[in-house]
Amino acid sequence: MGITVEGATKSFGDFQALNDVSIDVPNGSLTALLGPSGSGKSTLLRAIAGLETLDGGRVLIDDEDVSKKPTQKREVGFVFQHYAAFKHMTVFENVAFGLKIRKWDKDKISGRVHELLGLVQLEGLADRYPSQLSGGQRQRMALARALAVEPQVLLLDEPFGALDAKVRKDLRTWLRRLHDEMHVTTIFVTHDQEEAMDVAGQLVVMNEGRVEQSGSADELYEQPATEFVMSFVGEVNRLGEQYVRPHDMTVALDRDDGAEEAMVQRIVALGFEIRVEFVLGDGTEVWAQLTRAELQKLELREGQIVYLRPGEIKSFNGDVPSSDGHGASTPHSPPDDDDAEVSAAV
């Protein structure tokens with residue numbers, strides 16, 4: 001089922017969480033709502049789920065206006081950062097809970113639960129309690145519980161936020177594979193740009209209650225529509241009113257036209273890639289992304305004087321992308337939300 005939000009507005013007292021927000025989520029897609037804390041992304045997700053009532057605008061699921069429908073009639077499943085597991089129930093009982101509420105036949109429940117436990121790689125753990133699971137296992141259990149009732153839409157609010165980096169990376173790879181198998185229209189909220197770019201086919205970047213830009217990760221990275229998108233999606237250096245990606249900084253040992261003198265301040269090895277930090281003559285700090293081979297060829301050392309030449313430069317005059325002589329184009333801008341906890345209604 002596709003999801004459309006048209007002109008959504010929502011305020012909490014004097015704080016406007018959503019300001020005329022419109023998005024389209026294609027049927028079967030995996031879309032990320034990406035933005036900083038306070039940008040409105042979780043409020044938007046809760047409005048789609050029916051957990052928040054909009055002040056204005058509407059939500060359509062499969063072309064049906066569901067703005068006035070209660071949560072339980074929207075055919076959505078949701079998973080939040082804090083698993084909301086029933087601690088006194090086993091894994092099997094947690095996953096089966098929504099099906100029992102819907103009065104499914106006992107044999108049908110058993111078959112569905114075991115099918116899902118296999119899908120989320122929790123076979124053999126049906127009789128354990130949530131306290132006996134790792135954080136990643138508990139989150140997979142929460143996903144199985146949300147999927148048990150066969151939702152048409154799956155909503156995930158910072159689903160991996162409470163997990164360590166290694167588990168987060170494993171789980172987001174797993175989520176992508178799971179989505180490819182099930183093709184449930186999925187929206188997930190995150191403030192982690194790498195997570196969004198790794199998992200989602202479509203990114204919706206939000207800021208201050210507005211949508212800055214939506215599109216694929218490549219589109220947002222290569223063709224940012226606003227200054228905010230340029231600085232939020234991917235690493236960037238700011239040179240006055242211009243922006244340049246670290247991988248577009250050329251480092252030379254000899255001065256040439258268009259290059260600026262800089263001093264090597266710090267060299268950080270990050271696996272295959274090297275982060276080299278510089279300070280310019282006016283005190284501006286910038287950095288370049290190099291490979292190990294490039295670093296070895298240049299033989300850089302801290303305190304050394306080198307010359308930097310930016311390649312693709314983008315600038316944003318009145319939020320209209322503009323191009324400089326290097327083929328550069330320019331970006332524009334918009335609290336996230338409120339990381340308020342909500343209990344998942346099954």
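**Aromatic rings**

A: Tyr243 is buried, at a relative accessible area of 4% (buried is under 20%, exposed over 50%, partly exposed in between, with a 1.4 Å probe and protein chains only). This is a predicted model: local features need pLDDT of at least 70, side-chain atom pairs count only at pLDDT 80 or more, and totals for chains, interfaces and linings use all residues. Residues are numbered from 1 along each chain as its sequence is written, and side-chain values use heavy atoms, leaving out hydrogens and water.

Q: How many aromatic pairs does the structure hold?
A: Three. Rings of Phe, Tyr and Trp (its six-membered ring) pair if their centres lie within 6.5 Å; planes under 30 degrees apart are stacked, over 60 edge-to-face, the rest tilted.

Q: Why is the pair of Phe86 and Phe97 called tilted?
A: Because the planes of Phe86 and Phe97 are at 45 degrees, with the ring centres 4.7 Å apart.

Q: New topic. Which charged end sits over the ring of Trp287?
A: That of Arg275, 3.9 Å from the ring centre (the rule: NZ of Lys or CZ of Arg within 6 Å of the ring centre and within 35 degrees of the ring normal).

Q: And over Trp104?
A: The charged end of Lys108, 4.3 Å from the centre of the Trp104 ring.
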